[in-house]
Amino acid sequence: MENKRNEEMCDYIHIHQDIVDKVNSNMPEEEILFDLAEFFKVFADSTRIKILYVLLQSEMCVCDIGQILNISQSAVSHQLRVLKQMRLVKYRKEGKSIFYSLSDNHIEQILSQGIEHIYE
């Protein structure tokens, strides 16, 4: 175990200032990094991931999503609220029904790349 820790540390301290300066000049602001971390936290819940994958296939209402995932409409609504707040899903009303879909193709790309990474 001790060997593993040493691999993660430099054998001697030497700052490569040119690299440090380049990276620092390209770092997003702290607020942007915080928002990015919050964005990825949404993906940490398997129910939300399932809902996103369902919506990747088709626009759907809460009833249909609940039926596919075998969870209550209340549970679906709760998770959709979180996904809406993070702008991952959008909705449209048709009569008394509300249909949900992915907000944009970025969400599809994130899901596809995540699955591709898992299968590697």
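The buried residues of helix α6 pack against α4 (46–57), α5 (62–69), β2 (89–94) and β3 (97–102). Buried means under 20% relative accessible area, exposed over 50%, and partly exposed in between, with a 1.4 Å probe and protein chains only. Contact means heavy atoms within 4.5 Å. Helices (H or I, at least four residues) and strands (E, at least two) are DSSP runs, numbered from the N terminus.

The model is predicted: local features need pLDDT of at least 70, side-chain atom pairs count only at pLDDT 80 or more, and totals for chains, interfaces and linings use all residues. Residues are numbered from 1 along each chain as its sequence is written, and side-chain values use heavy atoms, with hydrogens and water left out.

Helix α6 spans residues 73–85, 13 residues in total. Its first and last C-alpha atoms lie 18 Å apart, close to the 18 Å expected at 1.5 Å a residue (1.5 Å times one less than the number of residues). V76, Q79, L80, V82 and L83 are buried in α6. Seen down the axis, these buried residues fall within an arc of 155°, so they line one face of the helix. The arc is that of the directions from the helix axis to the C-beta atoms. On the other side of α6, S74 and Q85 are exposed. Just after the helix, R87 takes a positive phi of about 60°.

Helix α7 (residues 105–119) holds I107. I107 is buried, at 4% relative accessible area. I107 touches L52, L88 and L102, not counting residues up to four places away in sequence. The C-alpha atoms of I107 and L52 are separated by 8.3 Å, although the two residues are 55 apart along the chain.
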